[in-house]
Amino acid sequence: MKISLFVTCLNDTLYPQTGIATVTLLERLGCEISFPFEQTCCGQMHLNSGYQTETLELVRRFLDVFEKEDAEYIVSPSGSCVAMIREYFPKVCEWAHDTALETRAKVIASKTLELSEFIVNILKLEDVGAYYPHRVTYHSSCHGLRTLGLGDAPYKLLKNVRGLELMPLENSESCCGFGGTFAIKNPETSTAMLSDKMRCILNTKANTCTGGDNSCLMHIGGGLSRMNTGVRTVHLAEILAQTEGRA
Amino acid sequence: MPFLNPTTYQKAAKTALENPQLRRNLGKATTAIREKRLRVVAELPDWQQLRDAGAAIKTNAMQRLPELLLQLEESVQKAGGKVHWASDAVEANQIVSSIVKSHNAKEVIKIKSITTDEIGLNDALLESGVVAIETDLAELIVQLAHDHPSHILVPAIHKNRSEIRELFLKSFNIKPEDLTDEPRALAEVARRYLRQKFLTVPVAISGANFAIAETGTVSVVESEGNGRMCLTLPKVLISIMGIEKVLPELRDLEVMLQLLPRSSTAERMNPYTSLWTGVHADDGPQEFHLVLLDNGRTKVLGDEVGRQALHCIRCSACLNVCPVYERAGGHAYGSVYPGPIGAILTPQLIGLETAHAQSLPFASSLCGACYEVCPVKINIPEILVYLRGEVVKEKTGFFNLEGAALKSMAWVFMDAKRYELAQQAARVGQIPFAKNNKISSLAGFMTGWTNSRDLPSVPKQSFRDWWRENKGKS
């Protein structure tokens, strides 16, 4: 199956290992991957900060770049960026009364998938042959959980990872307090939310917290690191990419 | 009771978050009601269809609003009631004051109503020499404490029972040994005080949960029965409703009265649902006035995206699930409409000119829990994002650092070469800040992050560099 990878600007710049793991994993599962070099950012940060003119330009650019691809699907290791494309690309065009662009956005939106839903719903796989001998808990990021409705797709994948002990997380559906620039604009509220999230994570006794969105993991991991908890955050793709004898 | 506190969300939340008692009170109360709501909602196999029906009824009603309001006026008049139109708070308060004065009343009794808080009715009445007595227990507590409600449904959610006992000792001159902090004992004090008011005060004032255009029926939904007392005992009844509360037909209540109690108090049915149509000889109030309030609502209706906010039936489910509300509490929103619904309703009703109004759409992490529970499916995160755009439009014309930063980032993202150069620049720029692959301290507005969280440093190789090296140019 031919797919295009939208790695996201955050992963490209700060978490290249997540992009590399996504490539390793999907190639192992038989996908042919293309990476359009012209890609940059989906505009989520601009939209959520209120910069709609700039967002619209980035949406148009994204469509220009990915419409050139002949892949069946666009896959991305980020729930919130996929939510941006699927849910908000058409809306932003609608708000700007640009119906032509809205039509184009809807086409791209319909073929863009988050990594775990792509594996479970399209490739129809739950066991990807991964090995990860650690105690792991999963943070279901809000965009993946509510906007994309990922449901139990990530859990299905994690349950089939050999050596992995999946620890249930209390209040798993509550937000970690990241919310993009929310974390900077309202640091006190954001930190109050984060401290409750960290308490739940520490209660699980897991040594690894995983998730489908490095933005949330950057937030949670940033808190766990500041508190010197010894618990690390690792993107789901990196867990799924790892196989026995290949750490 | 002023409608607005001009303090921005950011500042007000900071103060609220420093109060550990408030955090505990709120955390406990919202967790309990969240769990209860999940249970009662799960009982209904057609809950999602009910939500769809609720959304459709409200969409239809808003599309036909002018016609429905005229029909409502006619129906109410036919049933013997009087209808008054108020374009803003001042007009509404004048209408109510003059009705109260025409009966020479010195006191009025009130049913819990956020709409009357919105227009500051109690203060306006006091200015014309009339004392308004709140009869909802929690509203009475808030009134006696000269405080403000912090929740749509549970106005005194921020107070615990020992605080309430202290307040009652002082307000009703009770000796400490004569009152415990048992809920029953506290309720008894309020009951004795209110019973005498129900029997003597000649004018009652209510809000309205729904009004039916077809029949002229007005409805109030409550738990204590004090509302029922107000609706049946006094000679004169004045109901003030926002124009968006009108529903086309009586049968629409079949949907709404299933959605509202389960979403608000997490009950299958609320204890008291009152419906009244005009006046009836020798039974109940002999004079009924309905005040239709605009106060910014038609302006909201004119906004294609924001108008969904008018679908709200004031259940408060969005407050109870909101992680921001749970931490900061209702007062941080500086409005009688707190929580996620307040964050989209208040700025639309009052306009986006003030720093307070501008701060509200940003008082959310956009987690979407509010949208998931909303019984009439208001897409609150969508409206928040949309309103942020309106705030930024409002702010143009003077220099702001954030705007400059985001605009230059967009410029960088518009070209892959510039973007790669920026990645390289970040690697160099971080050198003074990065230690052991992390950044623990930054300057300027970024301290908001680094005061409580580390950031990863920018690694030597980007993903695209790795691809170029290992996969060749795409």
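Biologist: In chain A, what share of contacts between residues at least 6 apart in sequence join residues at least 24 apart?
Modeller: 79% of them. Two residues count as in contact if their C-beta atoms, placed from the backbone, lie within 7 Å. This is a predicted model, where local features need pLDDT of at least 70 and side-chain atom pairs 80 or more, while totals for chains, interfaces and linings use all residues. Residues are numbered from 1 along each chain as its sequence is written, with chains lettered from A and ligands numbered from 1 in written order.

Biologist: OK, how many helices and strands in chain A?
Modeller: 13 helices and eight strands. Those are DSSP runs numbered from the N terminus: H or I of at least four residues for helices, E of at least two for strands.

Biologist: And what fraction of chain A is buried?
Modeller: 60% of its 247 residues. Buried means 20 or more other C-beta atoms within 10 Å of the residue's own, with C-beta atoms placed from the backbone. The C-alpha trace of chain A spans about 50 × 45 × 30 Å along its principal axes.

Biologist: Switching to the interface, how many residues of chain B are in contact with chain A?
Modeller: 54, and they meet 53 residues of chain A.

Biologist: Which element gives the largest share on the chain B side?
Modeller: H19(B), with seven residues. Others giving two or more include helix H1 (9-17) and helix H23 (463-471) of chain B.

Biologist: Last one: how is chain B divided into domains?
Modeller: Into domain 1 (65-298) and domain 2 (401-471), with bounds from an automatic or database domain assignment. Their centres, taken over C-alpha atoms, are separated by 55 Å.

Technical notes: Buried ≥ 20, exposed ≤ 12 C-beta atoms within 10 Å, placed from the backbone.
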